[in-house]
Amino acid sequence: MHGVRRARQTQEALEAKRLKDQSKLRDYLALSDDVLARKKQKDWSREALRATTQLLQVNPEFYTIWNYRRHILVNGIFPESTPEQIQDLLKDDLSLTMAALKIHPKVYWIWTHRGWCLNNVPSGPGVDGEGDPRGWEKELWNQELFVVEKLLDADPRNFHAWSYRRVVLASLPVSKPETSELAYTTRKIESNFSNFSAWHQRSKVLSSLWSTGRLDQTKSKEEEFDLVQNAMYTDPRDQSVWIYHRWLIGSDREIAVIQSLLEEETHSKWCMESLVHYKRLLLHNHAALVDKSALTRDCIHLLEQLRKVDPGRRARYDEIEITRL
């Protein structure tokens with residue numbers, strides 16, 4: 001819209017808009033009062049369910065109403081419904097929440113309600129009618145993983161979606177191998193190194209694979225260092241890469257690599273911060289094996305540089321030098 005003159009609204013148009021907004025607000029408040037009164041009366045009727053639908057379509061952040069809706073389903077609707085009808089009701093709620101997520105993808109209560117719906121799927125044969133009592137469950141949980149992936153395609157850094165993805169993966173009736181999730185995070189990271197949520201997910205998957213011996217830790221760590229170093233050199237200013245690097249390293253082996261990068265990126269705050277972090281680890285954990293005086297001087301010099309390139313955190317760097325070296 002740059003360079004396009006905004007049309008001035010007439011006083012009549014502004015007044016019409018004001019009156020329309022007032023009417024919408026009155027309608028919303030009347031609907032809200034009605035639903036809350038029904039909740040207080042423990043009205044579990046279908047009329048109450050329809051009223052919550054109307055209210056949540058206007059305001060999906062009204063978490064009390066999501067909770068009330070679940071009570072209506074459990075106490076009033078489900079007891080008089082067949083498994084097929086319950087399945088249809090839950091699918092309706094999944095559609096309701098999906099419409100809400102398209103506009104409000106980071107509202108916690110919407111994600112919570114989706115998880116509740118899937119956890120209450122009744123036994124049933126699924127789409128193929130195979131007689132598998134977990135057929136409906138398998139169908140909907142598999143669809144849910146597909147839904148989450150579509151949402152992460154739209155916004156790869158939506159941490160709510162990443163958190164919910166972990167719930168879905170843990171709940172799948174037929175588990176997916178964790179190596180496939182490792183491959184998924186690789187794709188997300190390579191498309192955008194600045195995806196902190198993808199790095200975080202990767203750390204969780206790797207920790208699990210290493211702890212169970214399903215992935216050789218020494219070999220895979222070498223591959224992780226290659227990946228993270230590539231990310232560091234691509235964008236040395238990106239915070240998520242450095243945080244992952246600190247999780248991965250746990251030792252001093254990367255100091256030379258970061259020092260080399262700092263020679264190219266002389267004003268890189270994250271290079272300097274990481275060097276201070278790792279050199280302090282050497283001072284505290286391997287004092288008998290290192291030149292303490294030289295490392296202390298290095299840290300002090302780096303902290304002086306940090307005060308210049310990042311003056312907003314000067315007090316933090318002072319505190320590190322005074323109390324922690």
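The legends below describe an overview and several close-up views of a predicted model.

In this predicted model, local features require pLDDT of at least 70 and side-chain atom pairs count only at pLDDT 80 or more, whereas totals for chains, interfaces and linings use all residues. Residues are numbered from 1 along each chain as its sequence is written, and side-chain values use heavy atoms, with hydrogens and water left out.

**Figure 1. Overview of the helical protein.** The protein contains 15 helices and zero strands; helices (H or I, at least four residues) and strands (E, at least two) are DSSP runs, numbered from the N terminus. Its radius of gyration is 27 Å, well over the 20 Å that the globule rule gives for 325 residues, so the protein is more spread out than a compact globule. That radius is taken over C-alpha atoms, and the globule rule is 2.2 Å times the number of residues to the power 0.38. Along the principal axes, the C-alpha atoms fill a box of roughly 75 × 65 × 40 Å. Of the 325 residues, 41% count as buried, where buried means under 20% relative accessible area, exposed over 50% and partly exposed in between (1.4 Å probe, protein chains only). Among contacts (heavy atoms within 4.5 Å) between residues at least 6 apart in sequence, 58% join residues at least 24 apart.

**Figure 2. Helix α1 against helix α3.** Two packed helices are described by the angle between their axes and the distance between the axes. The axes of α1 (residues 11–40) and α3 (residues 63–77) come within 11 Å and cross at roughly 45°, which makes α1 oblique to α3. Axes are lines fitted to C-alpha atoms, for helices over the stretch in contact, and angles run from 0 to 180 degrees between N-to-C directions. Angles under 35 degrees count as roughly parallel, over 145 as roughly antiparallel, 65 to 115 as roughly perpendicular and the rest as oblique. The crossing of α1 and α3 is left-handed; a crossing is left-handed if the near helix is turned anticlockwise from the far one by less than a right angle, and right-handed if clockwise. Val35, Leu36, Arg38 and Lys39 of α1 meet Thr64, Ile65 and Tyr68 of α3. These residues comprise four nonpolar, one polar and two charged, with Ala, Val, Leu, Ile, Met, Phe, Trp, Tyr, Cys and Pro counted as nonpolar, Asp, Glu, Lys and Arg as charged, and the others, Gly among them, as polar.

**Figure 3. Helix α5 beside helix α7.** Helices α5 (residues 108–119) and α7 (residues 159–171) pack with their axes 10 Å apart, at an angle of about 20°; α5 is therefore roughly parallel to α7. Their crossing is right-handed. On α5 the contact involves Tyr108, Trp111, Arg114, Gly115 and Leu118, and on α7 it involves His160, Ala161 and Tyr164. Five of these residues are nonpolar, two polar and one charged.

**Figure 4. Helix α11 and its surroundings.** Helix α11 (residues 239–249) has as its buried residues Ser240, Val241, Trp242, Tyr244, His245, Leu248 and Ile249. Their cover includes α9, α10 (217–234), α12 (255–264) and α13 (269–285). Helices α10 and α11 pack at about 155° with axes 10 Å apart, and they are therefore roughly antiparallel to each other. Their crossing is left-handed. Lys221, Glu224, Phe225, Val228, Ala231 and Met232 of α10 form the contact with Val241, Trp242, Tyr244, His245, Leu248 and Ile249 of α11. By class, this contact has nine nonpolar, one polar and two charged residues.

**Figure 5. Serine 203 in helix α9.** Serine 203 lies in α9 (residues 196–211) and counts as buried at 10% relative accessibility. Apart from neighbours within four places in sequence, serine 203 contacts Tyr244 and Trp247.

**Figure 6. Leucine 227 in helix α10.** Leucine 227 belongs to α10 and is buried, at 12% relative accessibility. Leaving aside neighbours within four places in sequence, leucine 227 is in contact with Phe193, Trp199 and Arg202. The C-alpha atoms of leucine 227 and arginine 157 are separated by 19 Å, the two residues being 70 apart along the chain.

**Figure 7. Lysine 279 in helix α13.** Lysine 279 is found in α13, where its relative accessible area of 7% makes it buried. Not counting residues up to four places away in sequence, lysine 279 touches Ile255, Gln259, Leu295, Asp298 and Cys299.
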